[in-house]
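Colleague: I would like a close look at one part of this model, the cavity inside it. Please set it in the context of the whole chain and give the cut-offs as you go.

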Amino acid sequence: MELFDGRPESVEGRLPREIRTYDYLDRLGIPYQRTDHEAADNMEACYEIDKILGVVICKNLFLCNRQKTNFYLLMMPGKKKFKTKELSSQINSARLSFADAEDMLRFLDIEPGAVSIMGLMNDTEHEVQLLIDEDVLKDEYVGCHPCVCTSSLKLRTQDIMEKFLPATGHAAKVVHLIGED
């Protein structure tokens with residue numbers, strides 16, 4: 001794996017959703033670094049990518065309530081354990097569960113394994129509420145996928161909060177997750 005500044009030189013073999021991510025970031029003037037890799041299907045693989053990027057890639061979970069009327073994208077540190085009850089009480093939603101892959105594709109244009117805050121650029125109807133664990137905001141940089149699981153990005157947290165989210169029309173609700181047993 002190598003670290004590159006900005007978008008790939010060639011779009012050959014890349015999915016349109018990935019290219020749209022680079023176009024969106026470039027249009028907003030948000031600098032980023034990128035690395036290409038095999039699909040990271042576990043946190044250990046993510047840690048290897050973290051080393052290349054020099055950041056901790058967030059754990060991104062796509063959640064919904066039991067009625068499937070409210071959808072949430074949760075960003076949290078990869079080493080924290082997700083506790084449904086802990087989050088449910090903070091957002092006044094009983095019975096959170098993982099949302100279906102079909103809903104992920106419909107709202108964020110992302111498939112399982114590539115869940116990322118970048119998908120919010122595709123949620124033009126604002127159906128998904130962003131939840132960010134407060135510890136994510138303590139780091140200068142955030143790592144995420146560009147809507148595909150075979151590349152990862154390093155962006156300034158401040159750029160995400162002050163440029164990217166306002167451009168998408170989304171606001172973040174900051175949550176406090178302990179994540180302990």
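Modeller: The answer starts with the conventions, turns to the cavity, and then takes in the chain and some single residues.

This is a predicted model, in which local features need pLDDT of at least 70 and side-chain atom pairs count only at pLDDT 80 or more, while totals for chains, interfaces and linings use all residues. Residues are numbered from 1 along each chain as its sequence is written, and side-chain values use heavy atoms, with hydrogens and water left out.

A search of the whole structure gives one cavity of 30 Å³ or more. A cavity here is a set of points, on a 1 Å grid over the protein atoms alone, where a 1.4 Å probe fits but cannot get out; lining residues have an atom within 4 Å of a point. Grid points are joined across faces, edges and corners, and the volume is the space filled by probe spheres set on the points. On that basis the largest cavity has a volume of about 40 Å³.

Its lining consists of Met75, Ile117, Ile132, Val136, Leu137, Val142, Thr157, Ile160 and Met161. By class this makes eight nonpolar residues, one polar and no charged ones. Nonpolar covers Ala, Val, Leu, Ile, Met, Phe, Trp, Tyr, Cys and Pro; charged covers Asp, Glu, Lys and Arg; the others, Gly among them, are polar. Helix H5 (residues 157-168) gives the most to this lining, with three residues. Helices (H or I, at least four residues) and strands (E, at least two) are DSSP runs, numbered from the N terminus.

Of the 181 residues, 49% count as buried, where buried means under 20% relative accessible area, exposed over 50%, and partly exposed in between (1.4 Å probe, protein chains only).

Helix H3 (residues 84-91) has Glu86, Leu87, Ser88 and Ile91 buried. These buried residues pack against E3, E4, strand E6 (128-133) and strand E9 (172-175). Just after H3, Asn92 takes a positive phi of about 55°.

Two loop residues also have a positive phi. Lys68, in the loop between strand E3 (58-64) and strand E4 (71-77), has a phi of about 60° although it is not a glycine. At 37% relative accessibility Lys68 is partly exposed. Cys147, in the loop between strand E7 (141-144) and strand E8 (151-156), has a phi near 70° and is buried, with a relative accessible area of 1%.

Arg34, in strand E2 (residues 33-36), is buried as well, with a relative accessible area of 3%. Leaving aside neighbours within four places in sequence, Arg34 has contacts (heavy atoms within 4.5 Å) that include Glu2, Leu3, Tyr22, Leu53 and Ser152. Arg34 and Leu3 are 31 residues apart in sequence but 5.7 Å apart in space, C-alpha to C-alpha.

Conventions. On a 1 Å grid over the protein atoms alone, a cavity is a set of points where a 1.4 Å probe fits but cannot get out, and a pocket is an open set with protein on both sides within 12 Å along at least five of seven lines; lining residues have an atom within 4 Å of a point.
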